[in-house]
Amino acid sequence: MTMLEERTLPADPPGMEASVERLRRLREEVRRGPGDRATRAQKARGKLTARERIDLLFDEGTFTETEGLRRHRASGFGLEDKRPCTDGVITGWGTVYGRTVFVYAHDFRIFGGALGEAHAEKIHKVMDMAEAARVPIVGLCDGAGARIQEGVSALAGYGGIFRRNVRSSGVIPQISVILGPCAGGAAYSPALTDIVLMVRGTAQMCITGPDVVKAVTGEEISHDGLGGADVHTRTSGVAASAYDDEESCLEDVRYLLSLLPANNRELPPTVPAEDPPDRSTEALTALVPSDPGRSYDVRTVIEEITDHGEFFEVHEHWAANVVCALARLDGHVVGIVANQPAVLAGVLDIGASEKAARFVQMCDAFNIPLVTLVDVPGFLPGVDQEHSGIIRHGAKLLYAYCNATVPRISLVMRKAYGGAYIVMDSRSIGADLALAWPANEIAVMGAEGATNVIFRREIAAAEDPEKARRARIEEYQRELMHPYYAAERGLVDDVIDPAETRSRLIGALAMLRAKHVLLPNRKHGNQPQ
């Protein structure tokens, strides 16, 4: 039996030096963990140990552990004979690029990382400490759910975690990194956090496992097929990104933390801007076709505008018809929401509305200004969309924008039709500055669709219906869809040269940096669900 598993510690030999030596040896055993056999098994699964993960997350030598000597008090089912230190979770704090961050990391080598009473209390404590210190917290999840041998006490532990997740929501950044199993009640905590990242091949999230699914529904499916990284980044939208290895995942966690403020009362960190703020973005003229029917990848536009072309995209493979990304303009962090014409022509649907709404809410919570790049033909029509609730889901994005108090700038790059134009942070719902490029088309709908509605009878009665239709389309475009129609009516503040886009956005954001909005006195709004 190792020192970690001793039920009682023998009395110290007399003298402080001996006591210190004994403490040193105990700490060394705690650091090594349960033994080489368990470590080899963890490696055989293709996973790092919890301490290796912590070393990758924090600046070298900055991690301070809390409650490393904690052991459970449970008995029954053999638990009284197995009382290892840490109780299967490592907690503490360190620095990431010099800024304090808290962490809890499940140690799968001990009880499979399963949550018991002492385990949960350690997580509760570190979450409380993060909230009190007003700094981010990262959860490195690799656990087998509730510790069944401890019964309802384990379930109550999850309740305490959920309550703290909600209490800290919008107060401090919370990031969940799924590096192994995360099943049952354990899956709800990541869902309550700001960003969820997963590693392919080892990470799974599900409420009920494949065996239960088969017993109840008769469906056969693997762990990866039910709740693997690609499932949650492409189908369910639970996770923001998936990675092939833990090292690259944790490096992106560090990068993400460098883009977020410590808490909701601070601005995001700035860095010295080496990319000139007045750099011309003339390439945008060629990147975006003037023909509204031709597609392009809006990420090339984001690359051209942002500092050094760098940005952190969330939910890249889910609801890909809208792009949501964190980036920097002149060294200052911004959140970018952009319609993606390369996928479904950039139309808004249920998934895109939910994705963009949550991103807007996160940016607003953490004082990150919003830049919206608009090229939207409307909301996706269809029976499935209507029956699945496109009205309430689309209203989520509308609510998120209307409720946001951070600086907000919208830029119409090409087309902006109907209700989707209004929802994409138009001037009428509170954008601080609305800009447009010279080829913009802002209208209730496209010219052809509008003509078919307005002049339907006239065209049908014409001697040459097609000629009459073309003439009316040209008239509609000339009268209601020319690039300066919205500007003449104050719905667009300025029509700008695409080459000026970067400098105009940077200048406007600098002007809005001290923006302050007083909201009505209310407990909270009743946003669409």
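Modeller: A cavity here is a set of grid points where a 1.4 Å probe fits but cannot get out, whereas a pocket is an open set. In this predicted model, the count comes to five cavities of 30 Å³ or more.

The largest cavity has a volume of about 140 Å³. It is lined by 16 residues, and those closest to its centre are His106, Cys141, Tyr158, Cys182 and Ala186. Strand S3 (99-106), helix H5 (152-168), strand S6 (181-183) and helix H6 each give two or more residues to this lining. By class, the lining of the largest cavity divides into ten nonpolar residues, five polar and one charged.

Two of the residues closest to the centre of the largest cavity are cysteines, Cys141 and Cys182. Cys182 is in no disulfide, and the nearest cysteine sulfur, that of Cys141, is 5.0 Å away. The cut-off for a disulfide is a pair of cysteine sulfur atoms within 2.5 Å. Cys182 counts as buried because its relative accessibility is 4%. Cys206 has its closest cysteine sulfur in Cys182, at 8.7 Å, which is too far for a bond. Cys206 also counts as buried, because its relative accessibility is 13%.

The second largest cavity has a volume of about 50 Å³. Its lining includes Tyr104, Met127, Asn165, Ser189 and Thr193. Strand S4 (137-141) and strand S5 (174-178) each supply at least two residues of this lining. From the stretch of S4 come Ile137, Val138 and Gly139, and from that of S5 come Gln174, Ile175 and Ser176. The lining of the second largest cavity has five nonpolar and six polar residues, and no charged ones.

Next come the open spaces. The largest pocket holds about 1500 Å³ of space. Of the 42 residues that line this pocket, Ser169, Ala357, Arg358, Gln361 and Gln527 are the closest to its centre. Helix H6 (188-191), strand S7 (195-199), helix H13 (350-365) and helix H15 (390-403) each supply at least two residues of the lining. H13 gives the largest share, nine residues. Ala357, Arg358 and Gln361, which are among the residues closest to the centre, fall within the range of H13. By class, the lining of the largest pocket has 21 nonpolar, 13 polar and eight charged residues.

Asn367 lies between H13 and strand S13 (370-376). Asn367 has a positive phi of about 60° although it is not a glycine. With a relative accessible area of 23%, Asn367 is partly exposed. Ala319 also has a positive phi, about 50°, without being a glycine. Ala319 is found in the loop between strand S10 (311-314) and strand S11 (322-329), and it is buried, with a relative accessible area of 14%.

The second largest pocket has a volume of about 540 Å³. It is lined by 23 residues, and Arg27, Arg31, Arg51, Phe63 and Glu65 lie nearest its centre. Helix H1 (16-32), helix H2 (36-44), helix H3 (50-57) and strand S1 (64-66) are the elements that give two or more residues to this lining. Its classes are five nonpolar, six polar and twelve charged residues.

For the setting of these spaces, the protein has 21 helices and 17 strands. Its C-alpha atoms fill a box of roughly 105 × 55 × 45 Å along the principal axes. Of its 529 residues, 51% count as buried. Of the contacts with a separation of 6 or more, 73% are between residues 24 or more positions apart. The protein exposes about 24000 Å², and carbon and sulfur atoms supply 53% of that area.

Glu463 lies in the loop between helix H18 (456-461) and helix H19 (465-480). Glu463 counts as exposed, at 86% relative accessibility.

Methods:
Residues are numbered from 1 along each chain as its sequence is written. This is a predicted model: local features need pLDDT of at least 70, side-chain atom pairs count only at pLDDT 80 or more; totals for chains, interfaces and linings use all residues. Side-chain values use heavy atoms; hydrogens and water are left out. On a 1 Å grid over the protein atoms alone, a cavity is a set of points where a 1.4 Å probe fits but cannot get out, and a pocket is an open set with protein on both sides within 12 Å along at least five of seven lines; lining residues have an atom within 4 Å of a point. Grid points are joined across faces, edges and corners, and a volume is the space filled by probe spheres set on the points. Helices (H or I, at least four residues) and strands (E, at least two) are DSSP runs, numbered from the N terminus. Ala, Val, Leu, Ile, Met, Phe, Trp, Tyr, Cys and Pro count as nonpolar, Asp, Glu, Lys and Arg as charged, and the others, Gly among them, as polar. Buried means under 20% relative accessible area, exposed over 50%, partly exposed in between (1.4 Å probe, protein chains only). Contact means heavy atoms within 4.5 Å. Accessible areas come from the Shrake-Rupley method with a 1.4 Å probe; for residues, only the protein chains shown count as cover.
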